[in-house]
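Reader: Could you walk me through this model, starting with the overall picture and then going into the side chains?
Author: Gladly; here it is.

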Amino acid sequence: MHRCCFLLLLSLTAHPVFADSSPKQAQKAYQDGLRYEQTNQWKEAERAFTQAIEYDPRIGQYYFHRARVEYTVTDYSHALEDADAAVHLEPNRAESLQLRGDAYLKTKDPRKALADYDRAIMLGLDNAALYNSRAGIHASLGENEQALADYTHGIKLRLDDAEPIKARGNVYAALGRFSEALDDYDQCINLKPDYLDAYLDRGFARGQTGDFRRAIDDFNHVLGARPRDAKAYTLRGAAYLKLDEDDKAIADFSEAIKITPRDSYLYLARAVALVKQGRDKDALEDREQAVRLSPKTAEAYLARGGSYHQLGMHDKGLADRTKAIELDPNLPEAWFARGSAYFLLGDFAKARDDLAQAVQLRPDYAEAKDVLQRAEAKLSPPAPEPAAPPPAEAVQARTLPPEPVNPPAAQPEPAPPAAAPAPITPIATAPAKPVPAPKAAAAPRPADIPKPAAAPAASQPAISAAEHDRRGRALTDTGKYQEAVAELDEAVRLEPGLARAFNARGYAYLRMRNYERALADFNEAIRLMPNYPNAYRNRAATRRAMGDAAGAAADQAKAQ
């Protein structure tokens, strides 16, 4: 049988039945298989190699060639079985190790693939595909320096292949080395002028350096050849939003919605531009659609509540803020938004209670403290002087981060950023790993977060970084964010390359509304593991909360 157990075959090789096997017939079938393979007659080749194995199952070469045919026709599971048989029969044959590594990679086992590539290189195999494949694994694991070394060697072995040059550019971008990334993208496009993904990657890198106009040129090129590319529309729309060209941003978000109409984030992104133009009714329609698409997302209700208040429908606005609190009672922005609404409506007692809850959840919440003081002044007779109400936009929903484990969350109208927003983060579609935002330093451990008392070192066994990471995540799940940060501090101290721990600590900071530290941790997680979708979603949420709608759009597109 074709798919019999390999170990059974090995045990049968000593059985007398193989005393009468025919090596000559096996060789003849094998040669037939080679001829078929060379002429791309895959079914015939597979049959011939199978016949050779049936005549003599002790020859690793027969399994190797059948595995190669199976790999070519994307039958990866059977290719892995045969490549494994070839390696067992000829453990020092580097080509079989490379092929098995390729099959492991296709069957989602990169660690085993990496081990096979390492062995093949140790045995002296030296070809561009081998080094480029190993580089891709290093990059996916956040081992960027190793990835750069392997890509550079692979590129030297084959100078005319645009793909690894673009991939190396992605690694440079992951490290924040955008000048080198742009050089690679330029070289890639020179080799392959129709390589649209390279234009997207280059547009991303240009956006990271603030070169929005040239980034838009690259997105224009992509859309000229691929007019239904939702990411290109989203990223170009984000670039236009950065340039305050709101009509163009709205047009691009609208095109993206036509292509992916169930992406609630796109409606909220468009609503931001509509609000900037004073088109409050249109913004409300988009936010209502976002609620319909994401009915369990607090941020969508906050955004819609802001539109209701803007249009004078205060009962509905309060209902939406209340719903947001029900969905996420640990969200200080939800309490602040409802408290601000109560303040503007003159219900200072309820405003005081809500705003006090917001400050309790986030002690450094300056806006909430300010309005809380005004509410208390209104309730303290005699009032020292009439307190000016907070700005009208205070009643608008503050941009809030979505839960990172859920699909992309809706984006309410952002609060004005305290500083100039970061450049747009255009995202390119990359085969091995997408391009992340520029590197930022890892978030420092906050001085105001106490750590649990340390147990005596002599009486407790050492705790691994993975265990601290697990404990931190469990604490986050129960809402104990300060304790979670303390555990995750230990995780990153013990293992500075543990991307999961940086992402988890960033999420804890995010829930505490410590956005600067959250952003730094997500940047570090992405630097360590450039194809980390959850980290991109979390960073998108953080950027929305900081008022960087364009950067959030770019990260959200990258996470998809």
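Author: What follows is a conversation about the fold, the cores, the aromatic rings and a few backbone details.

Reader: What should I know before I read any numbers?
Author: This is a predicted model, in which local features need pLDDT of at least 70 and side-chain atom pairs count only at pLDDT 80 or more, while totals for chains, interfaces and linings use all residues. Residues are numbered from 1 along each chain as its sequence is written, and side-chain values use heavy atoms, with hydrogens and water left out.

Reader: OK, how many helices and strands are there?
Author: The chain has 28 helices and zero strands, where helices (H or I, at least four residues) and strands (E, at least two) are DSSP runs numbered from the N terminus.

Reader: And how much of the chain is buried?
Author: Of its 560 residues, 55% count as buried; buried means under 20% relative accessible area, exposed over 50%, and partly exposed in between, with a 1.4 Å probe and protein chains only.

Reader: Which residues have the most contacts inside the largest nonpolar core?
Author: They are Cys 188, Leu 241 and Phe 253, in a core of 45 residues. A nonpolar core is a set of buried Ala, Val, Leu, Ile, Met, Phe, Trp, Tyr and Cys residues joined through side-chain atoms within 4.5 Å. A second, separate core has 26 residues, among them Ala 341, Phe 343, Phe 348 and Leu 355.

Reader: What is Cys 188 in contact with?
Author: If neighbours within four places in sequence are set aside, Cys 188 is in contact (heavy atoms within 4.5 Å) with Ala 162, Ile 165, Lys 166, Tyr 195 and Ala 198.

Reader: Phe 253 came up; which residues of helix 15 are buried?
Author: The buried residues of helix 15 are Asp 246, Ala 249, Ile 250, Asp 252, Phe 253, Ser 254, Ala 256, Ile 257 and Ile 259, and what covers them includes helix 14 (230-242) and helix 16 (264-276).

Reader: Switching to rings, how many aromatic pairs are there?
Author: The structure holds six aromatic pairs. Rings of Phe, Tyr and Trp (its six-membered ring) pair if their centres lie within 6.5 Å, and planes under 30 degrees apart count as stacked, over 60 as edge-to-face and the rest as tilted. The rings of Tyr 71 and Tyr 76 have centres 5.1 Å apart and planes at 65°, so this pair is edge-to-face.

Reader: Are Phe 336 and Tyr 365 stacked, edge-to-face or tilted?
Author: They form a tilted pair, 5.2 Å centre to centre with 45° between the planes. Phe 336 lies in helix 20 (residues 332-344) and Tyr 365 in the loop between helix 21 (348-361) and helix 22 (366-379), so the pair ties together parts 29 residues apart in sequence. Both Phe 336 and Tyr 365 are buried.

Reader: What sits over the ring of Tyr 365?
Author: The charged end of Arg 362 does, 4.3 Å from the ring centre; the criterion is NZ of Lys or CZ of Arg within 6 Å of the ring centre and within 35 degrees of the ring normal. The charged end of Arg 93 likewise sits over the ring of Phe 64, 4.2 Å from its centre.

Reader: Last topic: where does Lys 108 lie, and what is its phi?
Author: Lys 108 is in the loop between helix 6 (94-106) and helix 7 (110-122), and its phi is positive, about 65°, although it is not a glycine. Lys 108 is exposed, with a relative accessible area of 73%.
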